Amino acid sequence: MNPRENECKACDGTGLLMDDEQWRYSCSVCGGDGIFNKGDSPEPDKPFDTDENKRTLE
Ligand SMILES: [Zn+2]
C-alpha cells in the first residue's frame with residue numbers, strides 16, 4: 001500500500017487540521033493518522049467540533 005496514494009486530502013497527510021486561529025485538532029476525515037483508509041468514513045455533513053467560545057476568546 002502506497003501511503004502517498006492514500007494521503008488524506010483534508011489534512012495533506014499531517015493528521016492535523018488548523019483553523020483560522022491556529023487551533024490544531026485531529027483530522028476527522030482520516031482519524032488523525034494522515035492516511036485516508038477505505039475503512040474511514042468521511043462525514044462532510046457532520047459539523048466540525050468547533051466551539052463557538054473560541055470565537056469569543058480575546
Ligand atoms: Zn486527514
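Mentor: Let us start with Q22, which sits in the loop between β1 and β2. The model is predicted: local features need pLDDT of at least 70 and side-chain atom pairs count only at pLDDT 80 or more, while totals for chains, interfaces and linings use all residues. Residue numbers start from 1 along each chain, following the sequence as written.

Trainee: How are the helices and strands assigned, and how many of each does the protein chain have?

Mentor: Both are DSSP runs numbered from the N terminus: a helix is H or I over at least four residues, and a strand is E over at least two. The protein chain has 2 strands and 1 helix. Read from the N terminus, the order is β-β-α.

Trainee: What is the phi of Q22?

Mentor: The general idea comes first. Most residues other than glycine have a negative phi. In this structure, Q22 is not a glycine, and its phi is positive, near 60°. D12, also not a glycine, has a positive phi of about 60°. D12 lies in the segment before β1, which covers 16-18.

Trainee: Are Q22 and D12 buried or exposed?

Mentor: The test counts other C-beta atoms, placed from the backbone, within 10 Å of the residue's own: 20 or more is buried, 12 or fewer is exposed, and anything in between is partly exposed. Q22 is exposed because 6 other C-beta atoms lie within 10 Å. D12 has 12 C-beta neighbours inside 10 Å, so D12 counts as exposed.

Trainee: Which class does Y25 fall into, and where is Y25 placed?

Mentor: Y25 is in strand β2, residues 24-26. Y25 is partly exposed because 14 other C-beta atoms lie within 10 Å.

Trainee: Why does C11 count as buried?

Mentor: C11 counts as buried because it has 22 C-beta neighbours inside 10 Å. C11 is in the segment before β1. Of the 58 residues of the protein chain, 9% count as buried.

Trainee: How is a contact read, and which residues does C11 touch in that sense?

Mentor: Two residues are in contact if their C-beta atoms, placed from the backbone, lie within 7 Å. Setting aside neighbours within four places in sequence, C11 is in contact with L16, L17, C27, V29, C30 and G34. The C-alpha atoms of C11 and D33, 22 residues apart along the chain, are separated by 9.6 Å. Among contacts in the protein chain with a separation of 6 or more, 27% come from residues 24 or more positions apart.
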